[in-house]
Amino acid sequence: MSEIVQSMADAMNSTLGAPLTVFLLSMIPIAEARFAIPFGMSMGLSPAAAFGWAFLGSSLVAPILLLVFIPTIKALSRTKIFSKLGKFLYDKFEKKSRSLESGDAAAAAENANGATVASDGKPQKKPLLTKRDLKRMGGTALFVAVPLPLTGVWTGSAVASIVKIGFVKGLIGVIAGNAVACGIITLISFLFKPYVNYITLAFLAIAVIVVIVLIIKLIIYKPDKAVAPSADDDKKED
């Protein structure tokens, strides 16, 4: 089986080259850096080079996803042809976002009010980072840092968008988590370098299984009318 991975690596190396291949593969959802890094090492890249190209590629898609991913899914949910797909995807991401929405009532009130009143009666400006912001940024980073299927940059960016953490704060959380995830995968691939082809094959197999499971779930999915918010919800703040 490892010969199959090596044949794929040799073929991609001779066409696109190892750096570009890793860079492009890391942008693909589900696979992302967890597949691109060991595959890059199978192509002959050093662990540092595989980490660098995979981290760069997967991080570059984050700002785009934070801006357009969820709006695109909401738009799909309001079409006749792709309504079920849009609602299915939004439902999945919304469920994953609930762990980031468990801030206490005081932190939520602080974030919503925008300003507080000091003891001398003068209004105080809202801090750039509230406790709720830090919690959500940390939760986003931790979510992305776990190198498992459906916990990478794509899902993390969607979750950050749903909880309305803000573009810059969400981007920091996603990229920080992505750096940790890439580091973990690189370390595993380095420590077990003689078996890097098998690691690549394992991540590929997991990605294929996840896709199949998602397709099955999509087929049997029954949309809930309350799943996808209307366009007006995009204008609302937390």
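Helices are DSSP runs of H or I with at least four residues, and are numbered from the N terminus. In the predicted model described here, local features need a pLDDT of at least 70 and side-chain atom pairs count only at pLDDT 80 or more, while totals for chains, interfaces and linings use all residues. Residues are numbered from 1 along each chain as its sequence is written, and side-chain values use heavy atoms, with hydrogens and water left out.

Helix α10 spans residues 196-220 and contains A202. Residues are called buried under 20% relative accessible area, exposed over 50%, and partly exposed in between, with a 1.4 Å probe and protein chains only. A202 counts as partly exposed because its relative accessibility is 37%. Although A202 and F35 are separated by 167 residues in sequence, their C-alpha atoms lie 8.8 Å apart in space.

F35 is one of the buried residues of helix α3. This helix is mostly covered, with 11 of its 11 residues buried. After α3 comes G44, which has a positive phi near 105°.

Two packed helices are described by the angle between their axes and the distance between the axes. Axes are lines fitted to C-alpha atoms, for helices over the stretch in contact, and angles run from 0 to 180 degrees between N-to-C directions. Helix α3 (residues 32-42) packs against helix α9 (residues 167-191) at about 35°, and the two axes are 9 Å apart. The crossing is right-handed, a term used when the near helix is turned clockwise from the far one by less than a right angle. With contact taken as heavy atoms within 4.5 Å, A33, R34, I37, P38 and M41 of α3 meet C182, I185, T186, S189 and F190 of α9. The residues of this contact comprise 7 nonpolar, 2 polar and 1 charged; Ala, Val, Leu, Ile, Met, Phe, Trp, Tyr, Cys and Pro count as nonpolar, Asp, Glu, Lys and Arg as charged, and the others, Gly among them, as polar.

A cavity is a set of points on a 1 Å grid over the protein atoms alone where a 1.4 Å probe fits but cannot get out, and its lining residues have an atom within 4 Å of a point. Grid points are joined across faces, edges and corners, and a volume is the space filled by probe spheres set on the points. The whole structure holds 1 cavity of 30 Å³ or more. The lining of the largest cavity comprises 7 nonpolar, 2 polar and 2 charged residues.

Notes. Helices (H or I, at least four residues) and strands (E, at least two) are DSSP runs, numbered from the N terminus. On a 1 Å grid over the protein atoms alone, a cavity is a set of points where a 1.4 Å probe fits but cannot get out, and a pocket is an open set with protein on both sides within 12 Å along at least five of seven lines; lining residues have an atom within 4 Å of a point.
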